Amino acid sequence: MKKYIAPVIMLAIFETIAVTLWLTKDNFFYFVNFTYIGCSIALGMFLYIKKYRYARRVVQLLVGLYMLIYLGFICGENMQIEGFWYYLFTGVFEAATIHYAVAKIFGPLIFGRGWCGYACWTAMVLDFLPYKVPSQPRKKLGWIRYITFALSIIFVSALFLAKAGNIERIMFWAFVSGNALYYVVGIVLAFVFKDNRAFCKYVCPITVFMKPMSYFALFRVKCRKDRCVDCGKCKRVCPMDVDVTDNSRKRKNGTECILCMECVKNCPKKAL
Ligand code: SF4
Ligand code: SF4
Ligand code: SF4
């Protein structure tokens, strides 16, 4: 039974968030929303423990499709970074701002970049592409993320400065077109660099929040040095080029780890 503690803890964390937000915001939606996400993640962890090969992909589809289709397209909530700025500037602490606070700003202090491995609807599609492991060395293009981050603030600020009418409608269409653009750029980059996660590594503006926060992550993969034989398999299967055998916080590309567990699954010595 001990091995099932992790999914139970994860479910408990999400239930705590669900109940807290439900009661403090007096909105039952938050209870349903975070319970659904917590159950999806706990289910994925359970399937992983049961050694189901596609456990992570199941969670990714359950959470990613729910957020993209239900919250985004049906409820009209802009859950992209522009939506976060929009609600932040208007002083509204509702769905998009709460989502960012939990999943992308403060959540990474606990579960690192788990969002990127298990919930992101952009990566949900990119992970179907053929280049699961990068075949080329990482490029020095990470600066692009700061440009896309700045552009997202400029876009929303411009709407306010121009006193644009019906900003809610504009934000909805920004969500639709922004997602379409992310998919096109993500797919093109994956084929150009032969790396499914090239978009995540170089372009995604959300990593500006997540990288520094995940540096302090509570949950991280660690290496048992007494078992490791330096075979290098973990680094060869890592989609994010993380040097997971280095246990220090300063490990190479440490803030890129998406907790996909490919290294853990492939280590022949069970050192991770
Ligand atoms: S880096 Fe961005 S696009 Fe990639 S998985 Fe994370 S949030 Fe999604
Ligand atoms: S795969 Fe396992 S044994 Fe090999 S280098 Fe990585 S941690 Fe060490
Ligand atoms: S393979 Fe290991 S080190 Fe690489 S992203 Fe996945 S969990 Fe992190």
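Which of the 13 residues around ligand 2 come nearest? In this predicted model, the nearest are Cys228, Cys231, Lys233, Cys234 and Cys267. By class, the shell around ligand 2 holds eight nonpolar residues, two polar residues and three charged residues.

Ligand 3 also has 13 residues around it. Those that come nearest are Cys238, Val242, Cys257, Cys260 and Cys263. Here the shell is made up of 12 nonpolar residues and one charged residue.

Ligand 1 is surrounded by Cys116, Cys120, Thr122, Ala123, Phe199, Cys200, Cys204, Ile206 and Thr207. The shell around ligand 1 contains seven nonpolar and two polar residues. No charged residue belongs to the shell around ligand 1.

The protein is divided into two domains, with domain 1 covering 78–214 and domain 2 covering 221–272. Their C-alpha centres lie 26 Å apart. The contact between them takes 14 residues from domain 1 and 11 residues from domain 2. On the side of domain 1 that touches domain 2, helix H7 (114–118) and helix H12 (207–214) each supply at least two residues. The largest share of that side comes from H7, with three residues. By class, the side of domain 1 that touches domain 2 has six charged, five polar and three nonpolar residues.

A further contact joins helix H2 (residues 28–49) and helix H3 (residues 55–74). How far apart are the axes of H2 and H3? The axes lie 8 Å apart, and the two helices pack at an angle of about 170°. Angles over 145 degrees count as roughly antiparallel, so H2 is roughly antiparallel to H3. The crossing of H2 past H3 is right-handed.

Residues from both helices build this contact. H2 contributes Tyr36, Ile37, Ser40, Ile41, Leu43, Gly44, Leu47 and Tyr48. H3 meets them with Ala55, Arg56, Val58, Val59, Leu62, Val63 and Tyr66. The residues of the contact of H2 with H3 divide into 12 nonpolar, two polar and one charged.

How values were computed. Residues numbered from 1 in each chain as written. Chains lettered and ligands numbered in written order. Predicted model: local features only at pLDDT ≥ 70, side-chain atom pairs only at ≥ 80, totals over all residues. Near = placed C-beta within 6 Å. Nonpolar A, V, L, I, M, F, W, Y, C, P; charged D, E, K, R; others polar. Domains from an automatic or database assignment. Contact = placed C-beta atoms within 7 Å. Helix = DSSP H or I, 4+ residues; strand = E, 2+ residues; numbered from the N terminus. Axes fitted to C-alpha atoms, helices over the stretch in contact; angles between N-to-C directions. Parallel < 35°, antiparallel > 145°, perpendicular 65-115°, else oblique. Left-handed = near helix turned anticlockwise from the far one by under 90°.
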